[in-house]
Amino acid sequence: MGRPTKPSSSWPRSLLWAHLCSILFPNTAKNFVAEKIAHIPKPEASLDGVSFKSMSRDSITLHSNVNISSPYDHRLPICDVTYTLKCAGKVVASGTLPDPGWIAANGDTKLEIPAKVPYDFLISIVQDVGRDWDIDYVLEVGLTIDLPIVGNFTIPLSTSGEFKLPTLKDMF
């Protein structure tokens, strides 16, 4: 009998070695990838406070701005923006802004988040209003961005404070 022949493989030797290591040491491979992804620069975002924008026959519209800065030299797609506005511990408005646009390359982008609040809800929290027409709020926003290599990445944002309801003087 002769010497056994080496089986042929269509995989390069380095890929076979990497595959073997990932089988033998799965946590090491996962940690290596997680560490590399953690150090990839990511866009940063901040959230402005909520303010009064307009009113209609059945609701008022409040808004806030998300300010996003990108470290990349190419623009990035924003997948969606989810928001929840709470007043007096109750959800006043929530929703999703699908495909709101792009983050500018090496620059800043501002997105407006509008929220319609029906008057009947405002009447239900009138005890929180008081004499100065202030309402306490919490705004939670999830900004989902499609990052190269990483995939969809959500930046959670939150702000709280109080906004003033419009008075008759503000309407006219």
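**Exercise 1: A pair of strands**

β4 and β5 pair in the antiparallel sense over 11 bridges. The model under study is a predicted one.

Task: Determine which residue of β5 is the bridge partner of L76, and which residue of the β4 and β5 hairpin takes a positive phi.

Solution. 
Step 1. Starting from L76, the bridge leads across to I103 in β5.
Step 2. Two residues lie between the strands in this hairpin.

**Exercise 2: The overall fold**

Task: State how many helices and strands the protein has, and in what order the elements run from the N terminus.

Solution. 
Step 1. The count gives five helices and eight strands.
Step 2. Read from the N terminus, the order is α-α-β-β-β-β-β-β-α-α-β-β-α.
Step 3. Among contacts with a separation of 6 or more, 64% are between residues 24 or more positions apart.

**Exercise 3: The nonpolar core**

Task: Identify which residues have the most contacts inside the largest nonpolar core, and which element gives the most to this core.

Solution. 
Step 1. β7 gives the most, namely seven residues.
Step 2. Take V66 as an example. Beyond residues up to four places away in sequence, V66 touches a set of residues including L111, I113, V141, L143 and L157.

**Exercise 4: Buried or exposed?**

Task: Decide whether N65 counts as buried or exposed, and whether K116 counts as buried or exposed.

Solution. 
Step 1. N65 is placed in strand β3, and K116 in strand β6.
Step 2. The relative accessibility of N65 is 15%; because the limit for a buried residue is under 20%, N65 counts as buried.
Step 3. The relative accessibility of K116 is 59%; because exposed means over 50%, K116 counts as exposed.
Step 4. The surroundings can then be listed. Apart from neighbours within four places in sequence, N65 is in contact with S46, L47, D48, K110, L111 and E112. With neighbours within four places likewise set aside, K116 is in contact with S59, I60, T61 and A93.
Step 5. For the protein as a whole, buried residues make up 30% of the 172 residues.

**Exercise 5: Distance in sequence and in space**

Task: State what C-alpha separation is found for N65 and L111, and for K116 and S54.

Solution. 
Step 1. N65 and L111 are 46 residues apart along the chain, and their C-alpha atoms are separated by 5.4 Å.
Step 2. K116 and S54 are 62 residues apart in sequence, with 9.3 Å from C-alpha to C-alpha.
Step 3. S54 has T61 of β3 as its bridge partner. Strand β2 and β3 run antiparallel and are joined by four bridges, and a hairpin connects β2 to β3 through three residues.

**Exercise 6: A charge and a ring**

Task: Find which ring the charged end of R75 sits over.

Solution. The charged end of R75 sits over the ring of W102, at 3.9 Å from the ring centre. The structure holds zero aromatic pairs.

Note on methods
Residues are numbered from 1 along each chain as its sequence is written. This is a predicted model: local features need pLDDT of at least 70, side-chain atom pairs count only at pLDDT 80 or more; totals for chains, interfaces and linings use all residues. Side-chain values use heavy atoms; hydrogens and water are left out. Buried means under 20% relative accessible area, exposed over 50%, partly exposed in between (1.4 Å probe, protein chains only). Contact means heavy atoms within 4.5 Å. Rings of Phe, Tyr and Trp (its six-membered ring) pair if their centres lie within 6.5 Å; planes under 30 degrees apart count as stacked, over 60 as edge-to-face and the rest as tilted. A charge sits over a ring if NZ of Lys or CZ of Arg is within 6 Å of the ring centre and within 35 degrees of the ring normal. A nonpolar core is a set of buried Ala, Val, Leu, Ile, Met, Phe, Trp, Tyr and Cys residues joined through side-chain atoms within 4.5 Å. Two strands pair if DSSP finds at least two bridges between them.
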